[in-house]
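Please open the structure in a viewer and keep the selection tool at hand.

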Amino acid sequence: MEVALKVENLTIAYHKKPVVEEVSFEVPEGNLIGIIGPNGAGKSTLIKGILELIPKISGEITIKGSTYKSMRKSIGYVPQRESVDWDFPTNALDVVMMGRYGHLGWLKRPGKAERLKAMECLDKVGMVDYANRQISQLSGGQQQRIFLARALAQEADIYFMDEPFVGVDAATEKAIIQLLMELKEKGKTVLVVHHDLSTVKEYFDWTMLLNKKVMKIGPTEEVFIPEYLQETYGGRLAILSDTKSGLLLK
Amino acid sequence: MNILDIISDPNTRWILLGTMFLGLSSGVIGSFAYLRKQSLLGDTLAHAALPGICVAFILTGVKSTSFFLIGAALAGLVAVFLISVLTRYSKIKQDAALGIVLSSFFGFGIVMLTQIQQSEYGNQSGLDTFLFGQTASMVMSDVYMMMTVSFVLIFTCTLFFKEFKLLSFDPGFAKGMGLPVGILDYFIMMLIVAAVVIGIQAVGVVLMASLLITPAVSARYWTERLHVMVILSGIFGMLSGVSGTLISTSVNDLPTGPLIVLSATVWFFFSMLFAPKRGVLSSVWRRVSLKKNYSLEQDKRKGRHTS
């Protein structure tokens with residue numbers, strides 16, 4: 001299988017202290033990968049560093065063997081929902097069309113083709129009826145779906161999603177994961193920053209355990225085991241495994 | 001004087017044209033500043049222009065609008081640079097950084113201004129008019145410059161509308177897509193500086209920010225579409241420019257700049273009160289009628305139960 005994403009020696013620091021330290025890993029194409037780890041482990045930072053949204057101290061990123069810059073159009077991104085002000089004067093369709101801007105290039109205006117594409121993506125997330133709705137009038141789950149539709153409109157090969165399940169209801173979460181699995185079936189690679197340990201085994205075929213460094217990465221059944229989790233989460237997992245042990249680590 | 005008299009005066013006509021274009025362009029670029037939560041940036045850049053103007057005067061020794069404008073633009077650049085250095089390399093947040101730069105630049109400007117006023121040729125410099133603006137000092141070439149800069153501003157915002165929109169809504173996504181967000185940031189700031197610079201003569205450094213912010217805030221009340229908001233904001237700015245100028249010409253000795261700003265404020269209050277959906281009256285009305293409907297229904301239900 002081809003390597004979709006290769007990260008070598010990535011180090012990111014905000015103020016002196018590195019948040020992500022000498023991270024190296026490879027992700028094979030056509031996988032759904034969950035990035036998990038305790039708070040402050042650098043999960044979002046890792047994604048932002050790969051996407052060059054924040055400056056890195058060192059590190060080399062290659063996408064399908066080419067440099068990150070040359071592959072930008074084949075990358076899709078779902079930022080955290082709270083990262084934008086939803087009281088912006090625009091509607092759902094407009095936001096999804098933003099996913100086409102990268103393909104459009106400078107100075108060109110989005111037209112009929114972009115609108116059709118955006119509607120198609122809204123349909124995939126079940127939001128066609130909300131196309132003309134002002135975005136502040138959408139619920140949290142609907143806003144998340146809009147962000148997902150925008151990423152779909154990017155028609156990428158590799159997707160980065162920063163906590164797409166935060167603040168969405170169970171039905172939306174299931175709908176989103178269904179969609180991500182379909183993407184995977186089509187040979188796309190999807191990396192998801194994830195919090196809920198109880199769903200890791202169900203959702204992801206690969207798992208990355210992150211705590212400043214990559215503790216483990218590989219097929220979920222090999223990586224998502226008590227020993228490695230303990231190592232990643234430290235003492236904090238003790239509480240978790242007491243209450244949820246059966247569900248979690250079976 | 002009635003309005004016809006005012007408009008028939010060629011001098012006033014020129015000033016009207018200038019303030020009209022000023023309002024239009026600052027309304028347009030102000031929309032993006034407001035949506036990017038950079039309202040205070042406009043204020044800082046306007047205040048920062050004062051030392052720039054003073055330095056230009058000290059260096060050249062003449063009162064020349066174009067030199068002043070170059071000075072103001074350079075000071076704006078320095079201010080922008082300082083703000084980004086402060087926020088990037090210290091733990092100071094942007095609002096505090098803006099506050100520091102605004103007040104220190106303005107204080108520096110006032111000190112220089114006082115020095116110049118006290119010097120032998122100071123009184124003729126007319127620099128003090130830049131504090132609150134003085135349309136009477138505008139000549140035809142000033143108006144030409146205002147129109148040219150306005151045209152460039154509006155043209156640029158139309159050309160890069162898509163990019164500015166994405167940058168205003170979701171800069172992280174824009175960056176991930178490969179847009180040069182840092183450069184675009186500076187670019188928008190330079191456009192704001194340009195609007196400030198053409199507004200200094202008419203409205204002055206102290207009040208210029210309100211022409212950037214107030215029309216945009218007013219426009220936001222009326223629409224949920226960005227392009228409509230930008231156009232409306234331009235129109236509100238233009239109307240403020242025109243009505244402020246007309247009022248100041250018809251009533252003797254009232255300053256034009258502050259009147260333009262007050263006109264913009266009147267439009268703001270009007271929008272805040274009467275805008276459909278987002279306006280205060282409409283939301284009060286919505287709440288009252290909701291309550292009424294609810295209690296009516298309750299009554300009906302009770303009535304059914306008792307009968």
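**Chain B as a whole**

Select chain B, which has 15 helices and zero strands. Helices (H or I, at least four residues) and strands (E, at least two) are DSSP runs, numbered from the N terminus. This is a predicted model, in which local features need pLDDT of at least 70, side-chain atom pairs count only at pLDDT 80 or more, and totals for chains, interfaces and linings use all residues. Residues are numbered from 1 along each chain as its sequence is written, while chains are lettered from A and ligands numbered from 1 in the order in which they are written.

Taken along the principal axes, the C-alpha atoms of chain B fill a box of roughly 95 × 55 × 35 Å. Of its 307 residues, 47% count as buried. A residue is buried if 20 or more other C-beta atoms lie within 10 Å of its own, exposed if 12 or fewer, and partly exposed in between, with C-beta atoms placed from the backbone. Two residues are in contact if their C-beta atoms, placed from the backbone, lie within 7 Å. Among contacts in chain B between residues at least 6 apart in sequence, 72% join residues at least 24 apart.

**Helix α4 of chain B**

Select residues 65-89 of chain B, which form helix α4. How far apart are the end C-alpha atoms of α4(B)? They are 36 Å apart, which agrees with the 36 Å that its 25 residues should span at 1.5 Å a residue; the expected span is 1.5 Å times one less than the number of residues.

Next, colour the buried residues of α4(B): Phe68(B), Leu69(B), Gly71(B), Ala72(B), Ala75(B), Gly76(B), Ala79(B), Val80(B) and Ile83(B). What covers them includes α3 (39-60), α5 (94-118) and α11 of chain B.

Two packed helices are described by the angle between their axes and the distance between the axes. Axes are lines fitted to C-alpha atoms, for helices over the stretch in contact, and angles run from 0 to 180 degrees between N-to-C directions.

To see the contact itself, show Thr65(B), Leu69(B), Ala72(B), Ala73(B), Gly76(B) and Val80(B) in α4(B), which meet Tyr186(B), Met189(B), Val193(B), Val196(B), Val197(B), Ile200(B) and Gln201(B) in α11(B). The residues of this contact divide into 10 nonpolar, three polar and no charged. Here Ala, Val, Leu, Ile, Met, Phe, Trp, Tyr, Cys and Pro count as nonpolar, Asp, Glu, Lys and Arg as charged, and the others, Gly among them, as polar.

**The largest nonpolar core**

Keep Val196(B) selected. Of the 158 residues in the largest nonpolar core, Val96(A), Ala149(A), Ala49(B), Ile53(B), Ile192(B) and Val196(B) touch the most other members. Such a core is a set of buried Ala, Val, Leu, Ile, Met, Phe, Trp, Tyr and Cys residues joined through C-beta atoms within 7 Å. The largest share of this core, 13 residues, comes from α11(B). Leaving aside neighbours within four places in sequence, Val196(B) is in contact with Gly42(B), Leu45(B), Ala46(B), Ala49(B), Gly76(B) and Met208(B).

**Two further stops in chain B**

Select Gly99(B), found in helix α5 of chain B. Gly99(B) is partly exposed, with 15 other C-beta atoms within 10 Å. Gly99(B) and Leu40(B) are 59 residues apart in sequence and 8.3 Å apart in space, C-alpha to C-alpha.

Then move to Phe160(B), in the loop between α8 (140-159) and α9 of chain B. Phe160(B) counts as partly exposed because it has 18 C-beta neighbours inside 10 Å.

**Chain A**

Select residues 43-50 of chain A, helix α1. Is α1(A) largely enclosed or largely open? Seven of its eight residues are buried, so α1(A) is largely enclosed by the rest of the structure. The buried residues are Lys43(A), Thr45(A), Leu46(A), Ile47(A), Lys48(A), Gly49(A) and Ile50(A). α1(A) is followed by Glu52(A), whose phi is positive, near 60 degrees.

Most residues other than glycine have a negative phi, and most peptide bonds are trans. Select Glu22(A), in strand β2 (residues 18-28) of chain A; although not a glycine, Glu22(A) has a positive phi of about 40 degrees. Finish at Lys64(A), in the loop between β4 (58-63) and β5 (66-67) of chain A. Lys64(A) is not a glycine either, yet has a positive phi of about 50 degrees.
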